[in-house]
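Subject: Structure handover

Hello,

Here is the structure I promised to pass on. Please open it alongside this message.

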Amino acid sequence: MNYKGTVGTKQRNSVGSGQRRQRQQGKARVAWGGNQLTAQPGGASTRVSGALHTPATTNTPHYPVIMSETDGAVEVVPVPVSEAAQPQTKKRRASENGLHALHKNGSADKDKNVDDSYFASYSDIELHRTMIEDSVRTNAYQQAIFQNMEEHIRNKVVVDVGCGTGILSMFCAQAGAKKVYAIDASKIAVHAKQLIEANGYSDIITVLQGKAEEVELPEKVDVIVSEWMGYMLLYETMLPSVLYVRDKWLKPGGKMYPERAVLHMALGEAQWITKYEEGTYDFWVSLNHVYNLDMSLLADHAVARYKDVVHVHMVAQEDVLSFPTSICDLDLTTITPEDLRTISRPFSLYSMGSRQLNSIVLWFDVWFPGGLKLSTSPDNEDTHWQNTVLPLATVPLQQDTKVEGELTITQDLTNHRFLNVDLTYRVDKGEEVTRCFKMDDNCNDNDF
């Protein structure tokens, strides 16, 4: 069975861009379609339903929990914790990213609350359904694992970081892994253990509930599997936790799934932005006719506010106005958490045809060992990650109009799960414009 190639071809008629998604405090995920039967090597078929993803928290303070082997219960066992992971008061690890920062005025407690809220969001089973129903995502991991099963998985030791319900761990067990350690800080780990037992893999897969930085494994691993990507690739800041596990537990020459990630940007004319602006402006103006009250002062404010928000929304292929350029190209075998704190890249983009520029569009691709690519491009089938859209003031473009500037992405200082996005640009020889966006739980993902 040949699994090579890019997962996902454009099928807008079958998926429908911009379907309403479930919003969660952590990663808001979109539900597409239903369960899918996927061929396995040897002719068997496995129904893709189960789940994967990152952590939520337990009520148990500071040390991981290992799942007991009796009655599906959760037994709190103090797993050995490294010295660096011990809780501190004034100076501690800034959540899960392995970076140390000096905290004052109770900000250490605030960081803990941020993580508690983040992990709690991944206890929601519906969130995991949303991720698994993204067949582009789930099938890409399954195909990558089975494509390389003989070389990388069979008789190997694997760790699944942010295992969710354990679906990727079970893919690895199906592919012949000798041992799989499934790590998750969320209470979904309880269900993961039950699912793993129900599928007959409890002798291969051990579920460890705890933060990736705090769990102690009994051995080094050959492979790290993790679906850590958030909106615009980096939202949620889960990747540093994966890198921590890589540096501590991966054997020399071990494999990362995925092993490379690239964030792209292009010029855009998002049609729904124009429709929303017209609709919201007309609404505030029309109230004068309905209630004989002039509310039109809010019209401009409503439109301006909409342009200050990062939008997570599918962009039609025909509304991408330029060839893309890459903002970052991450080699996941060598990149460090420090490299991720600030990512900045100058860009020059040229318009294709005469259109109305009103946004910057971002998406990402990841590659697995063996060359299989998972893409969230507007050119391919929609995914729950959708695209990330930065609204701009509308400017008319002609063929080959140059738009140049610099895009900078930094981790937010008040909540390391959030991102600050600073954009400086000029159109042709016009004035330089600076826009500052925060990518947080208020990312607008409404349908228009």
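Below is what was found in it, from the whole chain down to single residues.

**Overall**

Please keep in mind that this is a predicted model. The protein chain has 448 residues, and 56% of them count as buried. It holds 11 helices and 22 strands. Its accessible surface is about 18800 Å². Carbon and sulfur atoms make up 49% of that surface. Residues 24 or more positions apart account for 77% of them.

**The largest cavity**

Four cavities of 30 Å³ or more turned up in the structure. The largest has a volume of about 80 Å³. What kinds of residues line the largest cavity? Nine are nonpolar, three are polar and none is charged. Trp-228, Gly-230, Leu-234, Tyr-235, Met-238, Leu-340, Gln-411 and Leu-419 are among them.

Leu-233 sits in the loop between strand S11 (221-225) and helix H8 (239-249). Its phi is positive, about 70 degrees, yet Leu-233 is not a glycine. Most residues other than glycine have a negative phi. Leu-233 counts as buried, because its relative accessibility is 0%.

Thr-237 is in the loop between S11 and H8 too. Phi of Thr-237 is also positive, near 55 degrees, and Thr-237 is not a glycine either. With a relative accessible area of 4%, Thr-237 is buried.

Next comes H8 itself. Nine of its 11 residues are buried, so H8 is largely enclosed by the rest of the structure.

Why does H6 count as largely enclosed by the rest of the structure? Seven of its eight residues are buried. They are Ile-167, Leu-168, Ser-169, Met-170, Phe-171, Cys-172 and Ala-173. Just after H6 comes Gly-176, with a positive phi of about 100 degrees.

**Aromatic pairs**

The structure holds six aromatic pairs. One of them is formed by Tyr-141 and Phe-368. Their ring centres are 4.9 Å apart and their planes stand at 80 degrees, so the pair is edge-to-face. The two residues come from distant parts of the chain, 227 residues apart. Tyr-141 belongs to helix H4 (residues 135-147). Phe-368 lies in the loop between strand S17 (355-367) and strand S18 (373-375). Both Tyr-141 and Phe-368 are buried.

Another pair is made by Phe-364 and Trp-385. Here the centres are 5.3 Å apart and the planes are at 75 degrees, so this pair is edge-to-face. Phe-364 is in strand S17, while Trp-385 is in the loop between S18 and strand S19 (387-397), so the pair ties together parts that are 21 residues apart in sequence. Phe-364 and Trp-385 are both buried.

There is also a cluster. Ring pairs join Tyr-141, Tyr-257 and Phe-368.

**A cis peptide bond**

Tyr-257 from that cluster has another feature. What kind of peptide bond joins Tyr-257 and Pro-258? It is cis, with omega at about 0 degrees. Most peptide bonds are trans. Pro-258 is located in the loop between strand S12 (250-257) and S13.

**A buried glutamate**

Last, look at Glu-269. Glu-269 is in the loop between strand S13 (260-268) and helix H9 (271-291). Is Glu-269 buried or exposed? Buried, because its relative accessibility is 12%, and the cut-off for buried is under 20%. Which residues does Glu-269 contact, leaving aside its neighbours within four places in sequence? They are Asp-319, Leu-321, Arg-355, Gln-356, Asn-358 and Ser-359.

Over to you.

Best wishes

Technical notes: Residues are numbered from 1 along each chain as its sequence is written. This is a predicted model: local features need pLDDT of at least 70, side-chain atom pairs count only at pLDDT 80 or more; totals for chains, interfaces and linings use all residues. Side-chain values use heavy atoms; hydrogens and water are left out. Helices (H or I, at least four residues) and strands (E, at least two) are DSSP runs, numbered from the N terminus. Buried means under 20% relative accessible area, exposed over 50%, partly exposed in between (1.4 Å probe, protein chains only). Contact means heavy atoms within 4.5 Å. Accessible areas come from the Shrake-Rupley method with a 1.4 Å probe; for residues, only the protein chains shown count as cover. On a 1 Å grid over the protein atoms alone, a cavity is a set of points where a 1.4 Å probe fits but cannot get out, and a pocket is an open set with protein on both sides within 12 Å along at least five of seven lines; lining residues have an atom within 4 Å of a point. Grid points are joined across faces, edges and corners, and a volume is the space filled by probe spheres set on the points. Ala, Val, Leu, Ile, Met, Phe, Trp, Tyr, Cys and Pro count as nonpolar, Asp, Glu, Lys and Arg as charged, and the others, Gly among them, as polar. Rings of Phe, Tyr and Trp (its six-membered ring) pair if their centres lie within 6.5 Å; planes under 30 degrees apart count as stacked, over 60 as edge-to-face and the rest as tilted.
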